[in-house]
Amino acid sequence: MTASSSGKGNVCVCDVAARDGLQSEKRIWSVNERVELINRLANTGIQRIEAVSFVNPKRVPQMADAEKVMAQIERKADVRIAGLALNMKGVERALDAGVDEVRYVVVASETFNQKNQGASIAETMIGLESIAGRVKASGKVFSAVIGASFGCPFEGEVTTSAVVDIGIRLGALGVDEILLADTIGCAVPSQVRERVGALQSALGNSTAVGCHFHNTRNTGIANAVAAVESGVRILDASVGGIGGCPFAPRATGNISTEDLVYVLRNMGYETGIDLPQLIDVAAWVEGYFDDPLPGQVMKAGLFPDDVIARQAATSVQA
Ligand code: ZN
């Protein structure tokens with residue numbers, strides 16, 4: 001018997017390692033390495049991958065050559081490939097490169113939005129009207145990430161109403177999905193329940209709500225569980241737990257995809273992911289780093305699977 005047999009439905013897990021994970025790495029991964037990472041993830045049965053970002057390579061050299069990465073990866077009908085954009089130029093590049101989903105970022109605090117997008121929130125929202133129209137006309141999925149949804153490294157507290165206000169405006173633009181991102185990893189589960197609930201009530205059923213958590217203060221998995229139990233069915237994570245945000249001070253630590261999938265699986269949710277294979281990908285990624293990765297399940301192994309396997313090996317020997 002596996003823990004997944006109780007069947008609580010599907011949770012869409014999006015691995016962001018190839019974008020969020022690598023964009024702040026000191027060693028710049030080659031196009032071939034990035035392509036191999038994405039292909040390995042796609043082979044685990046994962047439903048979504050955030051593969052690239054279409055930003056200025058002078059600003060984020062780790063994300064240069066997004067078009068080359070997109071051209072070389074193996075495409076699978078059941079794996080949605082997302083690309084991040086911060087302006088219309090990036091959106092046009094993403095669509096030309098053949099992404100299935102364009103992800104756009106608005107930050108919930110004014111100072112951080114200025115630093116991240118080089119524009120005020122008001123300017124970003126005005127630009128979004130034509131961008132939303134452009135993406136929707138292309139027939140691709142348009143999702144918006146609200147950065148710093150739970151706190152800002154420059155302004156401190158971010159209110160629920162600030163997040164919900166942006167969410168309502170995004171919903172009115174016809175955005176398909178809205179992701180609340182805890183960019184500096186400061187949220188706790190009670191806040192997740194409150195903020196997700198407020199946004200879901202404001203949006204109704206028209207726009208799906210997802211979450212992107214960082215484990216900076218070791219609350220990431222608890223927050224993911226709170227989100228799922230609040231009805232969220234889209235969660236970001238990064239294989240091995242690599243990554244963070246280069247423009248947010250001390251904001252390291254995406255939650256690790258295999259740790260998230262372990263929790264979801266053992267709680268009875270389906271993700272479509274072959275977890276042992278995903279752990280193999282995490283181990284492969286770790287080979288490119290000097291230090292052990294933050295992921296815990298890749299170190300501890302699966303339960304009960306590994307225990308059962310060890311018992312079987314022992315009984316064969318006996
Ligand atoms: Zn992140």
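Here are some questions and answers on the metal site and the salt bridges.

This is a predicted model, where local features need pLDDT of at least 70 and side-chain atom pairs count only at pLDDT 80 or more, while totals for chains, interfaces and linings use all residues. Residues are numbered from 1 along each chain as its sequence is written, and side-chain values use heavy atoms, with hydrogens and water left out.

Q: What is the geometry of the zinc ion's site, judging by the angles among its 4 donor atoms?
A: Donors are N, O and S atoms within 2.8 Å of the metal (3.2 Å for Na, K and Ca), and since water is not among the atoms, sites may look incomplete. Asp20 (OD), His212 (NE2), His214 (NE2) and Asn254 (OD1) coordinate the zinc ion at 1.8 to 2.1 Å. Four donors count as tetrahedral if all angles lie between 85 and 135 degrees; four count as square planar and six as octahedral if opposite donors are over 155 degrees apart and all others between 65 and 115; anything else is irregular. Here the angles run from 86 to 157°, so the site is irregular.

Q: Is Asp20 buried or exposed?
A: Buried means under 20% relative accessible area, exposed over 50%, and partly exposed in between (1.4 Å probe, protein chains only). Asp20 has a relative accessible area of 3%, so Asp20 is buried.

Q: How far apart are the closest N and O atoms of Arg103 and Glu50?
A: A salt bridge puts a side-chain nitrogen of Lys or Arg within 4 Å of a carboxyl oxygen of Asp or Glu. Both Arg103 and Glu50 are buried. They form a salt bridge, with the closest N and O atoms at 2.5 Å.
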